[in-house]
Amino acid sequence: MTTWIVEVLIMVAMETPAVIKSYYSKRIVGCPGGEGEDEHDVVWFWLENGKPHECPVCAQNFVLEVVGPGGPPDGHGRR
Ligand SMILES: [Zn+2]
């Protein structure tokens, strides 16, 4: 039983979120999964600043990092 707990904790620690750089405060991200058996059909979703998203298929976490002026991508300067 103890071994099982340790293994789970190690797996959680390895789930580092993928940092997605964006010019605006949100963008569409496609997750193709990992390599080999972890690969899956690309899942598209909106990733917003401050709202980490978990891929519903492979449970990979994504975090948005705004590297531009931010604001909505479709706002044309309306912010
Ligand atoms: Zn995925």
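User: Is Gly-34 buried or exposed?
Analyst: In this predicted model, Gly-34 counts as exposed, because 11 C-beta neighbours lie inside 10 Å and a residue with 12 or fewer is placed in that class.

User: Where is Gly-34 found?
Analyst: Gly-34 belongs to the loop between strand 2 and strand 3.

User: And what is Gly-34 in contact with, leaving aside its neighbours within four places in sequence?
Analyst: Gly-34 is then in contact with Glu-39 and Cys-58.

User: How many bridges join strand 2 to strand 3?
Analyst: Seven bridges join them, and the two strands run antiparallel. Lys-26 has Glu-48 of strand 3 as its bridge partner, and Val-29 stands opposite Phe-45 in strand 3.

User: Which residue takes a positive phi in that hairpin?
Analyst: Gly-36 does, with a phi near 65 degrees; the hairpin has five residues between strand 2 and strand 3.

User: How many residues of strand 3 are buried?
Analyst: The number is zero of the 10 residues, so strand 3 lies largely in the open.

User: Let us step back. How many helices and strands are there in the protein chain?
Analyst: The protein chain has one helix and five strands. Read from the N terminus, the elements run α-β-β-β-β-β.

User: What share of the chain is buried?
Analyst: Buried residues account for 3% of the 79 residues in the protein chain.

User: What about contacts between residues at least 24 apart?
Analyst: Of the contacts between residues at least 6 apart in sequence, 52% join residues at least 24 apart.

User: How do strand 4 and strand 5 run, parallel or antiparallel?
Analyst: Strand 4 and strand 5 run antiparallel and are joined by two bridges.

User: Which residue in strand 5 is the bridge partner of Glu-54?
Analyst: The bridge partner of Glu-54 is Asn-61.

User: Is Ala-59 buried or exposed?
Analyst: Ala-59 is exposed, because 10 other C-beta atoms lie within 10 Å.

User: Changing topic to Tyr-24: where is its place?
Analyst: Tyr-24 sits in the loop between strand 1, residues 18-22, and strand 2, residues 26-33.

User: And why does Tyr-24 count as partly exposed?
Analyst: Tyr-24 has 19 C-beta neighbours inside 10 Å. A residue is buried only if 20 or more lie within that distance and exposed if 12 or fewer do, so Tyr-24 falls in between.

User: What does Tyr-24 touch, not counting residues up to four places away in sequence?
Analyst: Tyr-24 touches Gly-68, Gly-70, Gly-71, Pro-72 and Pro-73. Tyr-24 and Pro-69 are 45 residues apart in sequence, and their C-alpha atoms are 6.5 Å apart in space.

Notes. Residues are numbered from 1 along each chain as its sequence is written. This is a predicted model: local features need pLDDT of at least 70, side-chain atom pairs count only at pLDDT 80 or more; totals for chains, interfaces and linings use all residues. Helices (H or I, at least four residues) and strands (E, at least two) are DSSP runs, numbered from the N terminus. Two residues are in contact if their C-beta atoms, placed from the backbone, lie within 7 Å. Two strands pair if DSSP finds at least two bridges between them.
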